[in-house]
Amino acid sequence: MKKSTDSLKGARLELVSDNKKAAHSPNTRLVASALACGFKYGTDKPFMESYEEVDGETQVSVTWLMDASTKVPFTWVENQDGKLVAKEESITFGEFRSRYIDREWIEANPDHPISYLRATHTQHLSMLKTIAKLPKHHVIRKGSSKVSIPDNATAEERAYFLNQLNKRR
């Protein structure tokens with residue numbers, strides 16, 4: 001959901017909202033990237049996470065308020081026919097946002113700083129998914145020796161690890 005509105009102080013605001021908890025929202029990554037580039041919050045209270053009971057179920061809503069007026073400069077280098085060419089531009093948060101979420105734009109502009117930010121967040125999400133699938137490990141110590149046994153180890157593997165630990169003593 002994208003909206004622009006005027007606040008009571010006359011600043012233009014860009015509302016960024018969705019129905020995911022802030023920790024899982026792609027908008028949180030978008031806002032973090034924007035802030036890292038120099039964009040600013042639109043108010044001194046830029047974030048709201050609300051919960052509403054609808055038909056016995058809790059629905060979450062997350063909204064960020066960003067400054068829609070300020071332009072932030074970007075500088076990068078592109079390879080054009082074997083020559084490196086310096087590029088620069090200044091864009092608003094709205095333009096930043098539309099580029100950040102547009103996969104076609106990202107693919108067409110691989111050297112732009114926005115593309116690097118998006119790639120970092122995509123890689124981070126991929127790593128989190130991989131990490132979540134990895135088994136947890138239990139560390140058992142005896143004296144100065146220790147062994148790490150994965151949760152999904154078979155009884156035979158556990159016995160092997162414990163036997164190795166006992167041999168080290």
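Reader: Where do Arg99 and Glu95 lie, and how many residues apart are they?
Author: In this predicted model, Arg99 and Glu95 both belong to helix H2, where four residues, about one turn of the helix, separate them.

Reader: How do their side chains meet?
Author: The side chains of Arg99 and Glu95 meet in a salt bridge, with 2.8 Å from N to O. Glu95 counts as partly exposed because its relative accessible area is 32%, whereas Arg99 is buried because its relative accessible area is 11%, under the 20% limit.

Reader: Which residues are linked with Arg99 in a network of salt bridges?
Author: Glu89 and Glu95 are linked with Arg99 in that network. The side chains of Arg99 and Glu89 form a salt bridge at 2.4 Å, again taken from N to O. Since Arg99 lies in helix H2 and Glu89 in strand S6, this pair ties together parts that are 10 residues apart in sequence.

Reader: And Glu89, is that one buried or partly exposed?
Author: Glu89 is partly exposed, because its relative accessible area of 22% falls between the 20% and 50% limits.

Reader: How many salt bridges does a search of the whole structure find?
Author: The search finds three salt bridges, and one of them joins the side chains of Arg97 and Glu14 at 3.6 Å, N to O. Arg97 lies in helix H2 (residues 93-101) and Glu14 in strand S2 (residues 12-18), so the pair ties together parts that are 83 residues apart in sequence.

Reader: Are Arg97 and Glu14 buried or exposed?
Author: Both Arg97 and Glu14 are buried.

Reader: Going back to strand S6, which strand does it pair with, and in what sense?
Author: Strand S6 (residues 83-92) pairs with strand S5 (residues 71-80) in the antiparallel sense, over 10 bridges. Within this pairing, Trp76 stands opposite Lys87 in S6.

Reader: What happens in the hairpin of S5 and S6, between the strands?
Author: Two residues stand between the strands in that hairpin, and Asp81 takes a positive phi near 55 degrees.

Reader: Why does Ile131 count as partly exposed?
Author: Ile131 counts as partly exposed because its relative accessibility is 47%, and partly exposed residues are those between the 20% limit for buried and the 50% limit for exposed.

Technical notes:
Residues are numbered from 1 along each chain as its sequence is written. This is a predicted model: local features need pLDDT of at least 70, side-chain atom pairs count only at pLDDT 80 or more; totals for chains, interfaces and linings use all residues. Side-chain values use heavy atoms; hydrogens and water are left out. Two strands pair if DSSP finds at least two bridges between them. Buried means under 20% relative accessible area, exposed over 50%, partly exposed in between (1.4 Å probe, protein chains only). A salt bridge is a side-chain nitrogen of Lys or Arg within 4 Å of a carboxyl oxygen of Asp or Glu.
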